[in-house]
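Have the structure open while you read.

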There are 2 protein chains.
Amino acid sequence: MDFARSYGPWAVIAGASEGTGASFARQLAAKGLNLILIARREAPLRALADEVRRANGVEVVTASIDLATLDAPQKVAAACGDREVGLLVFNAGADPNASYFLGAKYSVWADLVQRNVNTMMACAYASAEAMVKRKRGGILLLNSGACYGAAGGITTYCASKAFMLCFAEGLWAELREHGVDVLTLVMSTTDTPEFRRLMAERGLPVPPGIADADAVAALGLERLPHGPIQNWGEADDQIGMAGVSAAQRRERVVMVSDITKQMFAKA
Amino acid sequence: MDFARSYGPWAVIAGASEGTGASFARQLAAKGLNLILIARREAPLRALADEVRRANGVEVVTASIDLATLDAPQKVAAACGDREVGLLVFNAGADPNASYFLGAKYSVWADLVQRNVNTMMACAYASAEAMVKRKRGGILLLNSGACYGAAGGITTYCASKAFMLCFAEGLWAELREHGVDVLTLVMSTTDTPEFRRLMAERGLPVPPGIADADAVAALGLERLPHGPIQNWGEADDQIGMAGVSAAQRRERVVMVSDITKQMFAKA
């Protein structure tokens, strides 16, 4: 597969400053894609942009945007301009709070939902609209095992990830006949700066055997044509963290989408 | 159980004008609770308020609020005033669109998410905060089988319901030691005016054997102390629509919440 022909010439990475986001940036640049890098912090974005420009000779645009704000989708659209975006990687979405629901003020959860749900969906809409017209493209939504069921202490985070799971499934079912790939990559614990900060804050060691950020990004890009779900560390037909395999969920969404089409949906 | 002592003296019903919302209003008034009825349309709210005042002698307040607007949570709070709300029934959340994601303009999905996710979460926060202080109360979130996986044609609706499923699970795990009950009642197809309109629009007959709105409301109130999930038509330990029983999900959320507490969460 010529990756750049399918998913180029430009890729947007939302949440690109470090961790898996930076891994995606490096790997996509190595495949010849130009990049639009988005995150809150300007300095690491610029450093990453300089690095991949030098290493791969691609064009890189950076935009410092807080994805938790109401106008973030408009700012992302402005950063993209009229560039032809063939790939959206929505990589933002960690929960820096890890607090009980009533243990943080409400605005903390409003911000988390704004970023993980509202902004994610708006970015997907804008990308999907353009991609369907071109009959090609990809939408890659970085997810967490938390999507398969909640835990007290990370309630809103789990809920936002469950939103993403079902959003990716439905969007995959709707866009696949238009040549646009949708995948949600369900990560397990991954060795990122964010995770190391979380552990350090709590005086906990980084557990052995956790996923490598570069390997996670590589898997996402490899599995992009095989949505809607790829679970880290699991074969497509393996019944793992969710009690159900990605293949079983795919079969289910195809079946239910057909029924829904007959019953409800306006084209 | 003295229902009014546990969940009174006031109940808020968001989405109260008809269908299951109206059934909840009638049944709660019959149990002696005063009601704060919220929906967009004023006329049916007032008619319902008059009816239950006459039938049960309870106090009823109505407020015409569009739950899809940004300031809806503030308006709900204003409608509640300083009344002691012991029960929140979040019954709004149908998808009047049933369109493909790109088949409707973006604002349609933004509104749906604002109501089903953002406003729902904000109302739950305000209620939970007051209830935890009083060490009693209930939060009942009306859900749909769509929460267990998406279908093309109702993508955003499914995603918003998946959010609610995990939100209810996590909140249940967090609030149960504070004497506050959380339940999400996962409805199957139910005979409501909304459903009949949807079928009529599409020239389809109302299928036989669908759930009765009064029975759905009665089940929700009966099962409120037994969260986090009640699936319509399924015993607690029955493996039905989700491929997993409510009891199995309860066991899972307790286990994972314990691990999360040790690993991550600040109290």
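## Labels and the values behind them

A:Lys135 sits in the loop that runs between helix 5 (106-134) and strand 5 (137-144) of chain A. Keep in mind that this is a predicted model.

Q: What makes phi of A:Lys135 worth a remark?
A: Phi of A:Lys135 is near 60 degrees, a positive value, and the residue is not a glycine. Most residues other than glycine have a negative phi.

Q: What is phi of B:Lys135, and where is B:Lys135 placed?
A: Phi of B:Lys135 is near 60 degrees, again a positive value in a residue other than glycine. B:Lys135 has its place in the loop between helix 5 and strand 5 (137-144) of chain B.

Q: How do you know that the peptide bond joining B:Gly8 and B:Pro9 is cis?
A: Look at omega: about -5 degrees for this bond, and the bond is cis. B:Pro9 belongs to the loop between helix 1 (3-7) and strand 1 of chain B. Most peptide bonds are trans.

Q: What is omega for the peptide bond from B:Gly227 to B:Pro228?
A: Omega is near 5 degrees there, and the bond is cis. You'll find B:Pro228 in the loop between helix 8 (213-223) and strand 9 (229-231) of chain B.

Q: Why is B:Glu234 called buried?
A: B:Glu234 has 11% relative accessibility, and the label buried applies under 20%, so B:Glu234 counts as buried. B:Glu234 lies in the loop between strand 9 and helix 9 (246-263) of chain B. Leaving out residues up to four places away in sequence, B:Glu234 touches B:Gly240 and B:Met241.

Q: What makes A:Arg249 buried?
A: The relative accessible area of A:Arg249 is 10%. The cut-off is under 20%, so A:Arg249 is buried. A:Arg249 has its place in helix 9 (residues 246-263) of chain A.

Q: Which residues does A:Arg249 touch, not counting residues up to four places away in sequence?
A: Among them are A:Tyr148, A:Leu165, A:Cys166 and A:Glu169, along with B:Tyr148 and B:Gly149 of chain B. As for A:Pro228, that residue is 21 residues from A:Arg249 in sequence, and 8.5 Å from it C-alpha to C-alpha.

Q: Why does A:Gly138 get the label buried?
A: With a relative accessible area of 0% against a cut-off of under 20%, A:Gly138 is therefore buried. A:Gly138 is part of strand 5 of chain A. Skipping residues up to four places away in sequence, A:Gly138 touches residues including A:Tyr7, A:Gly86, A:Met131, A:Val180 and A:Leu224.

Q: How do you know that the buried residues of helix 4 of chain B are on the same side?
A: The buried residues of helix 4 (residues 72-80) of chain B are B:Ala72, B:Pro73, B:Val76, B:Ala79 and B:Cys80. They cover an arc of only 120 degrees around the axis, so they are on the same side of the helix. They pack against strand 1 (10-14), strand 2 (34-39), strand 3 (60-64), strand 4 (85-90) and helix 5 (106-134) of chain B. The exposed residues B:Gln74 and B:Ala78 are on the face turned away from the buried side. After helix 4 of chain B comes B:Gly81, with a positive phi near 60 degrees.

Q: Why are helix 2 and helix 8 of chain A called oblique to each other?
A: Helix 2 (residues 19-30) and helix 8 (residues 213-223) of chain A pack at about 60 degrees, their axes 8 Å apart. Roughly parallel needs an angle under 35 degrees, and roughly perpendicular runs from 65 to 115, so the two helices are oblique to each other. The crossing is right-handed. Residues making the contact include A:Phe24 and A:Leu28 of helix 2 and A:Val216 and A:Leu221 of helix 8. The contact residues divide into seven nonpolar, four polar and one charged.

Q: What makes helix 5 of chain A roughly parallel to helix 6 of chain A?
A: Helix 5 and helix 6 (residues 155-175) of chain A pack at an angle of about 10 degrees, with axes 10 Å apart. Angles under 35 degrees count as roughly parallel, so that label applies here. Among the residues in contact are A:Trp109 and A:Met120 of helix 5 and A:Phe163 and A:Leu171 of helix 6. The residues of this contact divide into 15 nonpolar, three polar and one charged.

Conventions:
Residues are numbered from 1 along each chain as its sequence is written. Chains are lettered from A and ligands numbered from 1 in the order in which they are written. This is a predicted model: local features need pLDDT of at least 70, side-chain atom pairs count only at pLDDT 80 or more; totals for chains, interfaces and linings use all residues. Side-chain values use heavy atoms; hydrogens and water are left out. Buried means under 20% relative accessible area, exposed over 50%, partly exposed in between (1.4 Å probe, protein chains only). Helices (H or I, at least four residues) and strands (E, at least two) are DSSP runs, numbered from the N terminus. The arc is that of the directions from the helix axis to the C-beta atoms. Contact means heavy atoms within 4.5 Å. Axes are lines fitted to C-alpha atoms, for helices over the stretch in contact, and angles run from 0 to 180 degrees between N-to-C directions. Angles under 35 degrees count as roughly parallel, over 145 as roughly antiparallel, 65 to 115 as roughly perpendicular and the rest as oblique. A crossing is left-handed if the near helix is turned anticlockwise from the far one by less than a right angle, and right-handed if clockwise. Ala, Val, Leu, Ile, Met, Phe, Trp, Tyr, Cys and Pro count as nonpolar, Asp, Glu, Lys and Arg as charged, and the others, Gly among them, as polar.
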